[in-house]
Amino acid sequence: MNSLIIVLFLTGMVAMILLRTLHKDIARYNQMDSGDDAQEEFGWKLVHGDVFRTPRRGMLLSVFLGSGTQIFFMTFITLLFACLGFLSPANRGALMTCAMVLFVCLGTPAGYVSARIYKSFGGEQWKLNVLLTALVCPGLVFGVFFVLNLLLWAKESSAAIPFTTLLALLALWFGISLPLTFVGAYFGFKRRVLENPVRTNQIPRQIPEQS
């Protein structure tokens, strides 16, 4: 516990220093009126006017960010419960059950993050965005899991998951996770568009050829 507190304290100090430095850089970049001043910079500072440019696949990026947020919170809460002793190693399957339940119940943050990012990209197909957020990543995982389970069924293995369990997973997915994703997306689209801290250059910077 003491080591964890020290790591968190040092991480917070480094984050504060980086944020303070970045805030000064952003304030200076916003005062630039011409692109000639940016040429005097070097390294990563040269691309400050292109960092927040709308990507070509903004829909997919927002979907993956939403799903990543869902997985992050699921992992964090599961590890927190395990560290606090709520998930006993003697209880087989408790960790996986907790992770599955948390993933299903955390559809709201996924929809919220995906909707806000997609709206900041100027997207208008919000229904498609919500459906992809709720179906793409879980669908890929469930598809791989189902194929592997079919192979176990074919080999008549005792490790195969019963069909009723798969139906229960589908019920949790479409009955709880999908509606919660719509709820999060509703609140996400209601919020105003995220404002970029720096201006985006009208002409994209050319990427030099790599030798």
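**A loop residue and the helices around it**

Guide: Phe86 lies in the loop between helix H2 (58-83) and helix H3 (94-105). The model is predicted, and what follows should be read with that in mind. Phe86 has a relative accessible area of 61%, and because the cut-off for exposed is over 50%, Phe86 counts as exposed. Phe86 also belongs to a nonpolar surface patch of about 730 Å².

H2 is made of 26 residues, and from its first C-alpha to its last it reaches 37 Å. At 1.5 Å a residue, 38 Å would be expected, so the value found is close to the expected one. The buried residues in H2 include Gly58, Met59, Ser62, Val63 and Gly66. Further along, Ser67, Thr69, Gln70, Met74 and Thr78 are buried as well. Their cover includes H3, helix H4 (107-120), helix H5 (126-154) and helix H6 (163-190).

Leu61 is also found in H2. Its relative accessible area is 36%, so Leu61 is partly exposed, as this value falls between the 20% and 50% cut-offs. Leu61 touches Pro55 and Phe121, leaving aside residues up to four places away in sequence. The C-alpha atoms of Leu61 and Ile117 are separated by 8.4 Å, although these two residues are 56 residues apart along the chain.

One of the helices that cover H2 is H6. The 28 residues of H6 should span 40 Å at 1.5 Å a residue, and its end C-alpha atoms are 40 Å apart, so the two values agree. H6 bends by about 30° at Ser177. A proline, Pro179, follows that residue within four residues. Ser177 is one of the buried residues of H6, and among the others are Leu166, Trp173, Leu178, Thr181 and Phe189. The buried residues of H6 pack against H2, H3, H4 and H5.

Asn149 is placed in helix H5, and because its relative accessibility is 2%, under the 20% cut-off, Asn149 counts as buried. Apart from residues up to four places away in sequence, Asn149 touches Ala160, Ile161 and Leu166. Leu166 is itself listed among the buried residues of H6.

The loop between H5 and H6 holds Glu156. Glu156 is exposed because its relative accessible area is 73%, which is over 50%. Glu156 has a positive phi of about 55° although it is not a glycine.

Last, the whole protein gives the setting for these details. The protein has 6 helices and 0 strands, and its pattern along the sequence reads α-α-α-α-α-α. It has 211 residues, of which 25% count as buried. Among the contacts with a separation of 6 or more, 74% are between residues 24 or more positions apart. The protein exposes about 15,200 Å², and 69% of this area is supplied by carbon and sulfur atoms.

Methods. Residues are numbered from 1 along each chain as its sequence is written. This is a predicted model: local features need pLDDT of at least 70, side-chain atom pairs count only at pLDDT 80 or more; totals for chains, interfaces and linings use all residues. Side-chain values use heavy atoms; hydrogens and water are left out. Patches are made of residues with over 30% relative accessible area and no salt bridge: like charges are joined within 9 Å, nonpolar side chains (Val, Leu, Ile, Met, Phe, Trp, Tyr) within 5 Å. Accessible areas come from the Shrake-Rupley method with a 1.4 Å probe; for residues, only the protein chains shown count as cover. A salt bridge is a side-chain nitrogen of Lys or Arg within 4 Å of a carboxyl oxygen of Asp or Glu. Helices (H or I, at least four residues) and strands (E, at least two) are DSSP runs, numbered from the N terminus. Buried means under 20% relative accessible area, exposed over 50%, partly exposed in between (1.4 Å probe, protein chains only). Contact means heavy atoms within 4.5 Å. The bend at a residue is the angle between axes fitted to the seven residues ending there and the seven starting there.
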